[in-house]
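Visitor: I am new to this structure, and I would like to understand what lies behind the words used for it. Could you take me through them one at a time?

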Number of protein chains: 2
Amino acid sequence: MAVGAPTSLPHLPEIPGFRLATAACGIKNGQTTRDDLLLVAMHPMASVAGVFTNNLVHAAPVALCRQRLPQGRAVALLVNSGNANAVTGEAGMRDALHATQAVALLLDGQPENVFVASTGVIGVPLPMPRIFDALPDLAARLRPGDWDKAARAIMTTDTFPKAAHRAFSVHGHPCSLIGMAKGAGMIRPDMATMLGFLFTDAAVAPAALQTLLARAVATSFNAITVDGDQSTNDTVLLFASGQAGNPLLDDPDDPAAAPLAHALEDLCRELAQAIVRDGEGATKFVAITVTGAANPDDAKKAAMAIANSPLVKTALAGSDPNWGRILAAVGYSGAALDPNALSLWLGDLLVLEQGCLAPGYSEEQGASVMAADQIAIRVDLALGRADFTAWTCDLTHGYISINADYRT
Amino acid sequence: MAVGAPTSLPHLPEIPGFRLATAACGIKNGQTTRDDLLLVAMHPMASVAGVFTNNLVHAAPVALCRQRLPQGRAVALLVNSGNANAVTGEAGMRDALHATQAVALLLDGQPENVFVASTGVIGVPLPMPRIFDALPDLAARLRPGDWDKAARAIMTTDTFPKAAHRAFSVHGHPCSLIGMAKGAGMIRPDMATMLGFLFTDAAVAPAALQTLLARAVATSFNAITVDGDQSTNDTVLLFASGQAGNPLLDDPDDPAAAPLAHALEDLCRELAQAIVRDGEGATKFVAITVTGAANPDDAKKAAMAIANSPLVKTALAGSDPNWGRILAAVGYSGAALDPNALSLWLGDLLVLEQGCLAPGYSEEQGASVMAADQIAIRVDLALGRADFTAWTCDLTHGYISINADYRT
C-alpha cells in the first residue's frame, strides 16, 4: 500500500569509522525468519547527538540513551526490532543495561558509550538469552557497508526499508552521511514508533552535532503524522566518526557546517516522508502547508491539526474535496485566524479566497485534484509571515485492518 | 452498528409552554423523503441558556445564537438538518438572520428572541426559498408533544433518534425536562457536529439556567469523543418556559435547584452516551475512567487522550487487550504521572499494578474482557484525588466507509 515508495534502496557506500552486522535471533516469538538485531561499532570514539520521545511512559532504552547522551561519545549502537522493551519496569532497565555491558565487553569499550534502541510490542520482557547468545557472533562479523541489511533489521510493520545517502564536503574534505529509519504507525510530531539512525564521517563536536540534529528533526521527523499517536520509543540518533579528516566543527552556525546542516535536513526529510509513504494503510501522500500564520507555532498547529484530522484523512481516502473539514480542523487548531481572511488551495486549484468560495471553483475540479495519489493542500491565514509544511497520509480500511489485529 | 441503542424512544410527554412542528422541505438536494426542519415555539417568553463550539471557524447560526444569548429570552427555536450553514460567509449570516425574522413575524415575536441551529454539509448556501415556503405551514401546525418527530428531524448520519425525559419537582411543583440530541461523527469535547436541545417548564432565571447547563455539559457532552474532530456547529440550548408554577429559581446553588441540576446532568449524560453508542461505525461502547490524578484537568487530559487514540480505538475494534497502547496514550496526554505508580484495569481485571504486570494476568483474560460490546477501562495515576470519565467507541472499517464517501 506504500505511496510512491522506492522500488529498491539506493547505493549506500561504506563510511569510515562505522562497521555493522545484523542477525536473526528470534526476538519476537522466537521467529528467526528475518534479521531483528543490529550492531554498529564505531572506532575511534564518535560524537553522538540524540532526540527522543516526549512520552512520559518511555521505554528503558530511551531512558538509558538520555542518561548517556550528555557525555557525547559513542562506541556502539545496538538496535532490536520485535520488542519495544517499554513498560517493562525495572527489569526492562536492567535488560537494556546488561545488553550494553555485553556489547562494551565484546568491543573493548565502556558501557556508558554504548547506545541502544528497541522497537516492537510494548510490555513484554526482552528475550535476553537470545540476545546474549547472538552478540559474540555479531561482533565477530562486523564489517563496513552493510547498510541495506541494517535498514531491514530495524523494520517492524514497515513494508519497505528506508535509507538514504548524501555526500557533502567540509573545508574541502569529502564527507558522507547515511541515514535509516523505521516506522509506519503511531507516528506524530515528537516522533513515534519511529527510530532513525544517522552516521557521518565528518568531525563534529557533540554540542554542535546536537544543535544540527535538533534543527533537522524539527522540519522532518517532527513534521509528519500518520495517526496522531506518539510512541514510547521514538529515538533519532546521529553519530559522527570524525574519520573524514576535516578540522573539527564545533559551531553549528559556522559557514563550514552549512553543507552538513543541509545534507542532514534534506536526508531527514526524505526519511520522514518515506515513513509517511509507508503509513499504515496509506494510499495517498499528502503535503499540508500553512502560510501567513502570525507565528511559527501557529503555522505548525494549523498544519498538524489538518494532518491529524480523521475526517480530513478519510476524505483524502475517498478522493472527496471536502474542504469544509479542512477549515474545521484549522478552526479548532488553536492558531489565531480570521475566518474571512482564509484562502485554501487543493493542489494549484484555488478553492476559497478570503473566506469565500472562489468564483469558478467546481466540485469536479476539486475531485480531480483529490483523486491523485500525491496531493498538496495549502491554507493561507493572511495574518503574518510564518509557514509550516506537514506530511501525512490518508486514513483507510488498511489502517484499521493492520491495527485491529496487530498482535493476534 | 449502534451499540446498545434503544429500540424505540421513551414516552415523551407534553411540556407546558412548548409547541412544535416538523416539515420535510428538501434542504439537502431537494429530497423531501424525511423531515429536515423543526420549529419550537415558546409562550410566554422562556429563559434560554446555551453552550457552543470553540471552533474559530463556526457556523452562522452559532454566531447569531451567541449574539442573542445575553438577553436570555427566547420565543422560538428553528433547526434544520442537511446543511450546516457554515463557511458560507456574510451570505450565510444573512440567511440565518432572515430565517429568524420570518419566524418572528409568524409568531408575533422579536427576531432577537429566535434561536437557530443548523447541521449537515459545510460550505453550501442554505436553500432559503424552501425554508421560507415551509415556515407558514409549520407555524400553523405547531402543537405540544411531537418530540419524537422533532428528534428525528434533526438527525443527519445518526442511525437512531436520541431523546429522553426526566421528571422532578421544585418547591413541590412537578416539572418536566425533555432533551434531544443529534450527532454521530466529528464528536469530541467542546462538542462537535452535535446539537442538543433541552426543554423544561420549570421557572429559572437565565443566569442560573446558564450555570446549570454549563455544569451539566462539562461531564456529559464535553466528556465524549468519537473521532477527536470538533465541528463548526456544536450547540446545546436549554429553554425554560416557566409554566410549572414554581417560585423562580435564580441561584444555581439554591438547594431547590438541585433536582433540576440532577435531572439535567443525568439527561445530558444519557444523550451524550447515545451519541457515542451511535458513533460512526461503532461496534463497542467504552467508558474510560482516570482516577488518582493530581488535578481535574490532568484527569480529563489523560482520559481523553486514551479515548482519542486511534491505536487504542482500533485495538478495541479488534478485541485486543493491548494495554501498552493505553499506557502510551496516558504518557503523551500531558497529565503529570509516575510510570511506576500507574495501575490499569480492563473491566474488573487488574492488568498493571504500580507499573508492573499484575501477577496472574493473562492475555486470555484480557481478551475476554475486550470481546464484550460494552467495556470499562480504568487507569489510576496514584498521584492525587481527581478523576474523570470519558465515553468513546471503537474505530472500525465502518467509520472509514461512512467518512470516505459522506458527500459522494
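Visitor: What makes domain 1 and domain 2 of chain A the stretches that they are?

Guide: This is a predicted model, and in it the domain assignment of chain A gives domain 1 as 18–275 and domain 2 as 285–404. Taken over C-alpha atoms, the centres of domain 1 and domain 2 of chain A are separated by 33 Å.

Visitor: How many residues of domain 1 of chain A are said to be in contact with domain 2 of chain A, and what makes a pair a contact?

Guide: A pair counts if the C-beta atoms, placed from the backbone, lie within 7 Å, and by that rule ten residues of domain 1 of chain A are in contact with ten residues of domain 2 of chain A. On the side of domain 1, the elements that give two or more residues are β8 (224–225) and α6 (258–277) of chain A, and by class this side has five nonpolar, five polar and no charged residues.

Visitor: Why are chain A and chain B said to be related as by a two-fold rotation axis?

Guide: Chain A can be laid on chain B with an RMSD of 0.0 Å by a turn of 180° and a shift of 0.0 Å along the axis, and the two copies are therefore related as by a two-fold rotation axis. In chain A, the C-alpha nearest this axis is that of His397(A), 2.7 Å from it.

Visitor: How do you know that the same surface serves both copies?

Guide: Of the contact residues of chain A, 98% recur in chain B.

Visitor: Which element gives the most to the side of chain A that touches chain B?

Guide: While 47 residues of chain A are in contact with 46 residues of chain B, α9(A) gives the most to the side of chain A, with seven residues.

Terms used. Residues are numbered from 1 along each chain as its sequence is written. Chains are lettered from A and ligands numbered from 1 in the order in which they are written. This is a predicted model: local features need pLDDT of at least 70, side-chain atom pairs count only at pLDDT 80 or more; totals for chains, interfaces and linings use all residues. Copies are superposed by least squares on the C-alpha atoms of residues with pLDDT of at least 70 in both. Two residues are in contact if their C-beta atoms, placed from the backbone, lie within 7 Å. Domain bounds come from an automatic or database domain assignment. Helices (H or I, at least four residues) and strands (E, at least two) are DSSP runs, numbered from the N terminus. Ala, Val, Leu, Ile, Met, Phe, Trp, Tyr, Cys and Pro count as nonpolar, Asp, Glu, Lys and Arg as charged, and the others, Gly among them, as polar.
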